[in-house]
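Here's a quick tour of a structure for you to follow along with.

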Amino acid sequence: MSKFRKKKSGGQPAISTASLPDIVFMLLFFFMVTTVMREVTLKVKVVTPKATEINKLERKSLVSYIYIGEPIKALQGQFGTADRIQLNDAFATKRDIIPYVEAERENTNPAEVPMMTFSLKVDKESEMGIVTDVKQELRQANALKINYSTGKTDKIVD
Amino acid sequence: MARREAPEINAGSMADIAFLLLIFFLVTTTMDVDGGLTRKLPPPIEDEMEDPPEVKQRNVFQVLVNSNNDLLVEGDVMLVSNLREAAKEFIIGDPTFQDEAMPEGKLTEVPILGQMMVSKQIVSLQNDRGTSYEMYIKVQNELVAAYNEVRDEYAQRQFGKTMKQLEKEAEVSKTAELQEDAVKDVYPQRISEAEPKNIGDQ
């Protein structure tokens, strides 16, 4: 009668879990290989806009990032809400761009310097003024290959 | 001689350890594919550079964006969603190059296709310092999309392949590479951004 009758010992044998560690290890290695640790802590809020015509960035080691946006909430008391540039781990001004480009070049294999890309991660609510300034500085530094970091979407809306 | 068997190490906790690590990497991993619009900046201007060559009005597709994120295309207010079609029409132009409102043609040597008339089109983009970045990217995106679509249509007509297919085949085939170059030469991507005007430097 009872639904919870004890199973007879001669029932189905238990499924062997011996291969469980193997499966888990496989997943583990997958995530270990694909994971990219974020190397900088963002001090500015960056929500990139969306676009449809995206080129993938290859060779991550040849990409340097420039972040632009308003300071994150915790730092707004100190730095205000005007858009700021962040290079590496610190706030910067547009005058720091050229030294930054030089430093990034120093860290790169000389043969690969022409392939270096500067990726602009800019918050979508930023104004173009500061972006234009950065672009002008990059031109001065002869870093002409840039990439406007964007998310992917299927359709642009007005 | 009977060998004493070494006692087996209990591997039961192996799964736990692996799970722990797995969960750590699961949490820290960010699956974002880093991508965006790749652009090339013009080289810096030198002071002693002579005046740039005059460009005829009919060869220029003028796109202006003001600080209120309004779009003005060739003197008319336009929505971003209509920009792609307008730009495509301009880039393709008039096949006979007789139409006064459309860009002129120029005899150019193109791989595979030989000498042919190529449109002298230029897209000129100018924005205000107050334009939002989101709007700027939308406009850039639509202009790049217009070029890509025009090229795709042309490649499809001439070679029966899309640009993506040609690009893929170019890695192994010389013909595909030449075909890709040919399409790019027929419709070169010329998006020119005006030198920013500095009013009230900060």
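Predicted model: local features only at pLDDT ≥ 70, side-chain atom pairs only at ≥ 80, totals over all residues.

**Chain A overall**

- Chain A contains four helices and eight strands.
- Read from the N terminus, its elements come in the order α-β-β-β-α-β-β-α-β-α-β-β.
- Its C-alpha trace spans about 85 × 40 × 35 Å along the principal axes.
- The radius of gyration of chain A is 25 Å, while a compact globule of 158 residues would come in near 15 Å.
- As for burial, 28% of the 158 residues in chain A count as buried.

**Where chain A meets chain B: H1(A) and H1(B)**

- Helix H1 of chain A (residues 20–34) packs against helix H1 of chain B (residues 14–28), with the axes 9 Å apart and an angle of about 25° between them.
- Angles under 35 degrees count as roughly parallel, so that's the label for H1(A) and H1(B).
- The crossing of H1(A) past H1(B) is left-handed.
- On the chain A side, the contact uses Leu20(A), Pro21(A), Val24(A), Phe25(A), Leu27(A), Leu28(A), Phe31(A) and Met32(A).
- Facing them from H1(B) are Met14(B), Ala15(B), Ala18(B), Phe19(B), Leu21(B), Leu22(B), Phe25(B) and Leu26(B).
- What kinds of residues make up this contact of H1(A) with H1(B)? There are 16 nonpolar residues, with no polar and no charged ones.

**Inside chain B: H2(B) and H3(B)**

- Helix H2 (residues 80–92) and helix H3 (residues 133–159) of chain B pack with their axes 8 Å apart, at an angle of about 40°.
- That angle makes H2(B) oblique to H3(B).
- H2(B) goes past H3(B) in a right-handed crossing.
- H2(B) brings Val80(B), Leu83(B), Arg84(B), Ala87(B), Lys88(B), Ile91(B) and Ile92(B) to the contact.
- H3(B) answers with Lys138(B), Val139(B), Glu142(B), Leu143(B), Ala145(B), Ala146(B), Tyr147(B), Glu149(B) and Val150(B).
- How do the residues of the contact of H2(B) with H3(B) divide by class? Eleven are nonpolar, five are charged and none is polar.
- Among the charged ones, you can look for Arg84(B) and Lys88(B) on H2(B), and Glu142(B) on H3(B).

How values were computed. Residues numbered from 1 in each chain as written. Chains lettered and ligands numbered in written order. Axes fitted to C-alpha atoms, helices over the stretch in contact; angles between N-to-C directions. Helix = DSSP H or I, 4+ residues; strand = E, 2+ residues; numbered from the N terminus. Parallel < 35°, antiparallel > 145°, perpendicular 65-115°, else oblique. Left-handed = near helix turned anticlockwise from the far one by under 90°. Contact = placed C-beta atoms within 7 Å. Rg over C-alpha atoms; globule rule 2.2 N^0.38 Å. Buried ≥ 20, exposed ≤ 12 C-beta atoms within 10 Å, placed from the backbone.
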